[in-house]
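Walk through this fold with me, one packing arrangement at a time. Keep the viewer open and follow along.

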Amino acid sequence: MLIPWHLVLWVLALIGAWALIWVLYDNLKSLTQIGVALLAPYFAPAEHKSLIERFGKWAVITGSTDGIGKHYAFQLASRGLNVVLVSRSTEKLVAVAQEIESKYSVKTKWIAIDFSSGREIYDQLRKELDTVPVGILVNNVGANIDYPDDLDHIPEEKLWQLININVGAVTMLTRMVLPGMKKRNQGAIVNISSGSELQPLPYMTVYAATKAYIHNFTLAMQHELEPFGITCQLVSPMFVTTKMNNFSTTIMEGGLFIPNAEMYAKFATFTLGKTKQTTGYWSHGIQYGVIKLAPECIRTMIGGLMNKQFRKEYFEQQRSTAAAQSG
């Protein structure tokens with residue numbers, strides 16, 4: 001029995017429409033997530049809970065003495081949370097803790113840890129956090145190479161640092177706080193990834209791969225933790241003017257699509273408890289959505305060309321600095 005052609009065409013049209021709807025949803029959901037976060041206060045019920053009521057009184061922020069992590073700490077403290085600052089510089093930790101306590105009526109605790117050391121640090125970290133009822137964990141600590149370069153030009157030690165910091169810390173700290181959060185049936189884990197998760201990134205190969213790990217790790221953990229009432233949020237910023245990007249004068253100039261760390265953290269913290277996946281900043285949502293419309297091979301090619309330009313900027317900057325010093 002032959003199937004009528006008009007029926008075949010209808011089926012193909014339905015399949016095409018279904019595929020188009022889901023492609024558009026997947027590519028543009030970053031925009032809707034920003035919209036939800038921004039509009040939530042105007043449509044939320046009157047009994048909308050504070051972060052303390054929803055998640056607990058203590059927040060732990062890694063990489064908390066500079067950039068996004070530092071300003072996450074300030075934003076959470078401004079909402080009344082006590083904060084545990086985790087970073088490697090004792091001097092900077094003390095300074096940030098004192099500044100937070102001088103501005104907000106909260107408690108602080110600091111832990112000096114170098115995540116690049118790998119497994120050996122976690123026993124100490126576990127002891128330090130043993131008495132802290134962690135309500136929010138912000139896995140912000142991250143590392144990048146000094147400038148975009150070929151893999152075989154990057155020292156092995158630097159590659160191990162990227163893996164230990166970008167992959168090891170988010171994995172082990174998440175595991176560390178889960179028993180307490182599950183026992184209390186509340187908590188939030190915020191994993192800071194990067195727009196680099198979107199595609200393989202030539203000349204920043206390992207960095208982008210570690211961010212893809214964080215992306216997949218976080219989305220999987222969302223399903224694992226939902227039955228326990230624990231939020232697991234993926235935050236994927238595009239370019240922000242932090243020292244991690246100081247290989248490029250273009251990035252460090254900032255602009256409409258490149259906020260500073262304070263502005264970024266202000267927006268990103270606001271999305272906590274409102275959306276499970278976000279770029280954290282309104283203009284980053286636009287960038288993320290537009291980039292995803294291109295095939296992965298095109299994104300990869302453009303990323304490689306962009307990193308070659310950043311490498312050129314870096315060496316020009318180095319030459320300019322050297323010339324100024326010699327003169």
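Start where helix α3 (residues 67-78) touches helix α4. Lys70, Ala73, Phe74 and Ala77 of α3 meet Val96, Glu99, Ile100 and Lys103 of α4. Contact here means heavy atoms within 4.5 Å. By class, these residues are 5 nonpolar, no polar and 3 charged. Ala, Val, Leu, Ile, Met, Phe, Trp, Tyr, Cys and Pro count as nonpolar; Asp, Glu, Lys and Arg as charged; the others, Gly among them, as polar.

This is a predicted model, in which local features need pLDDT of at least 70 and side-chain atom pairs count only at pLDDT 80 or more, while totals for chains, interfaces and linings use all residues. Residues are numbered from 1 along each chain as its sequence is written, and side-chain values use heavy atoms, with hydrogens and water left out. Helices (H or I, at least four residues) and strands (E, at least two) are DSSP runs, numbered from the N terminus.

Two packed helices are described by the angle between their axes and the distance between the axes. For α3 and α4, the axes come within 10 Å and cross at roughly 25°. That makes α3 roughly parallel to α4. The cut-offs are under 35 degrees for roughly parallel, over 145 for roughly antiparallel, 65 to 115 for roughly perpendicular, and oblique for the rest. Axes are lines fitted to C-alpha atoms, for helices over the stretch in contact, and angles run from 0 to 180 degrees between N-to-C directions. The crossing of α3 past α4 is right-handed.

Strands β2 (residues 82-87) and β3 (residues 108-112) run parallel, joined by 5 bridges. Leu85 stands opposite Trp110 in β3. Helix α4 lies across both strands, at about 170° to β3.

What is the strand order of the whole sheet? It is β3-β2-β1-β4-β5-β6-β7, an open sheet of 7 strands with parallel pairing. Two strands pair if DSSP finds at least two bridges between them. β3 and β7 (277-278) stand at the edges, each with a single partner strand, so one side of each has no neighbour in the sheet. Elsewhere in the order, β5 (residues 188-192) and β6 (residues 231-235) pair in the parallel sense over 5 bridges. There, Ile192 stands opposite Val235 in β6.

Helix α5 (residues 122-129) lies across β1 (58-62), β2 and β3. It runs at about 170° to β3. α5 also packs on α6: their axes come within 11 Å and cross at roughly 40°. α5 and α6 are therefore oblique to each other. Their crossing is right-handed. Tyr122, Leu125, Arg126 and Leu129 of α5 make the contact with Asn164, Gly168, Ala169, Met172, Leu173 and Met176 of α6. The classes are 7 nonpolar, 2 polar and 1 charged.

Helix α6 (residues 156-184) has another partner, helix α7 (residues 205-225), with axes that come within 9 Å and cross at roughly 15°. That makes α6 roughly parallel to α7. Again the crossing is right-handed. From α6, the contact includes Leu159, Ile163, Val170 and Leu178; from α7, Tyr207, Ile214, Phe217 and Met221 are among the residues met. By class, the contact of α6 with α7 has 13 nonpolar, 4 polar and 2 charged residues.

Finish in the loops. Most residues other than glycine have a negative phi. Asn185, in the loop between α6 and β5, has a positive phi of about 55°. Tyr203, in the loop between β5 and α7, has a positive phi of about 75°.

Note on methods
A crossing is left-handed if the near helix is turned anticlockwise from the far one by less than a right angle, and right-handed if clockwise.
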